[in-house]
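Subject: Handover of a structure and notes on its contents

Dear colleague,

Please find below the structure that I am handing over to you. My notes on what was found in it follow directly after.

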Amino acid sequence: MDISAARTFLEVVKTGSFVSAAANLHLTQTAISARIRVLEEQLDRPLFVRNKAGAKLTDAGEQFLRFATTLVQVWARAQRAVALPPGRETIVTVGVELSLWSPLLRHWLLWMRRECPEIAVSTRIDGSERLMEQVQSGSLDVAVLYAAPRRPGIIAELLFEEKLILVRTTPTNRPLAREDHVQVDWGEEFAASHQSAFPDETNAVVSISYGPLALDYIFATGGSGYFRQGFIRSYLDEGRLAVVPNSPEFSYSAYVVHSTKADQEVMNRIRAGLREAAALSV
């Protein structure tokens, strides 16, 4: 079985289209069709029904889906295993969402170095959708992200519950104008909750998708915004930030996401380290 054919099959399933799969994989549509045709010949069954709306799985395609996922995941694990550095028993790849990595990832890396010296580590920082795709494809063992969507073959475990709180720069006797508020992109769920809490508030003059950058901005200009409580705790203690009184708070939970086929012994060690790192980060 050509693993590239299985990956192509999964990409067509994900996008629902041979055209979109070709674009995502940087291949021609003819190449995509050829790979799927080879698969269908090997399995002696059609895997897709193609029409103007795209590509839909046949019953045989539905059956093959779970095996294709397993094939790709096992191959990715095999590639990592044969590339182990000397003196290491295994390697784990962990991805963390962009707005979550600091300081969580640093604490976890230090814990792994201290407690699991026999394990090699590879880390990635990316957006939540990309991380989920990589866990599903087997190129990532574990991802840590907010608002983990449900996916077949994937387990999402609560890592910690955090709050988003409204803070402003000090001194607090300095008046802030409405345009000094920075809208930070904490995802669709937060946006909907924020809109419900502030129905009459106009759109922010400045919107920033990355929390640490938004924080640097308001320190430079003076202003306010919603930030992760754990991330800004030291600034509150130092008096550089102050909580805006009587402002609503929003829940912001982080999850550990991994395949149902993950090695449980390794997962237990990763999970223990992440929990200790989370305790230091929140």
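A salt bridge is a side-chain nitrogen of Lys or Arg within 4 Å of a carboxyl oxygen of Asp or Glu. In general, side chains of opposite charge can pair when their charged atoms come close. Please keep in mind that this is a predicted model.

**Salt bridges**

A search of the whole structure finds 11 salt bridges. One of them joins the side chains of K14 and E133, with N and O 3.2 Å apart. This pair links distant parts of the chain, since K14 belongs to helix 1 and E133 to helix 6, and 119 residues separate them.

K14 also forms a salt bridge with E11, where the closest N and O atoms are 3.2 Å apart. E11 and K14 are separated by about one helical turn, because they are 3 residues apart in helix 1. Is E11 buried or exposed? E11 counts as buried, because its relative accessibility is 12% and the cut-off for buried is under 20%. K14, in contrast, has a relative accessible area of 42% and is therefore partly exposed.

E133 has a further partner in R130, and the closest N and O atoms of this salt bridge are 3.9 Å apart. Both residues lie in helix 6, 3 residues apart, which is about one turn of the helix. R130 has 44% relative accessibility, so it counts as partly exposed. Through shared partners, salt bridges join E11, K14, D126, R130 and E133 into one network.

The largest pocket has a volume of about 780 Å³. Its lining is made of 29 residues, and those nearest its centre are L10, K14, E133, Q136 and S137. Two or more lining residues come from each of helix 1 (3-15), helix 2 (18-25), helix 4 (59-82) and helix 6 (128-137). Which element gives the most to this lining? Helix 4 does, with 8 residues. By class, the lining of the largest pocket has 7 nonpolar, 13 polar and 9 charged residues.

The second largest pocket has a volume of about 510 Å³. It is lined by 25 residues, of which E97, Y146, W186, G187 and Y252 are the closest to its centre. Helix 6, helix 7 (188-197) and strand 11 (250-259) each supply at least two of the lining residues. Strand 11 gives the most, with 5 residues. The lining of the second largest pocket divides into 11 nonpolar, 8 polar and 6 charged residues.

**The cavity**

Rolling a probe the size of a water molecule over the atoms shows where empty space is left. How many cavities of 30 Å³ or more does the structure hold? There is 1, and the largest cavity has a volume of about 50 Å³. S99, W186, G211, P212, F227, R228 and F231 line the largest cavity. Helix 8 (211-221) and strand 9 (224-228) each supply at least two residues of this lining. By class, the lining residues of the largest cavity are 4 nonpolar, 2 polar and 1 charged.

**A surface patch**

On the surface, L98, W101 and I125 form a nonpolar patch, and together they have about 250 Å² of accessible area. I125 is placed in strand 4 (residues 119-126). Its relative accessible area is 41%, so I125 is partly exposed.

Yours sincerely,
A colleague

Note on methods. Residues are numbered from 1 along each chain as its sequence is written. This is a predicted model: local features need pLDDT of at least 70, side-chain atom pairs count only at pLDDT 80 or more; totals for chains, interfaces and linings use all residues. Side-chain values use heavy atoms; hydrogens and water are left out. Patches are made of residues with over 30% relative accessible area and no salt bridge: like charges are joined within 9 Å, nonpolar side chains (Val, Leu, Ile, Met, Phe, Trp, Tyr) within 5 Å. Accessible areas come from the Shrake-Rupley method with a 1.4 Å probe; for residues, only the protein chains shown count as cover. Helices (H or I, at least four residues) and strands (E, at least two) are DSSP runs, numbered from the N terminus. Buried means under 20% relative accessible area, exposed over 50%, partly exposed in between (1.4 Å probe, protein chains only). On a 1 Å grid over the protein atoms alone, a cavity is a set of points where a 1.4 Å probe fits but cannot get out, and a pocket is an open set with protein on both sides within 12 Å along at least five of seven lines; lining residues have an atom within 4 Å of a point. Grid points are joined across faces, edges and corners, and a volume is the space filled by probe spheres set on the points. Ala, Val, Leu, Ile, Met, Phe, Trp, Tyr, Cys and Pro count as nonpolar, Asp, Glu, Lys and Arg as charged, and the others, Gly among them, as polar.
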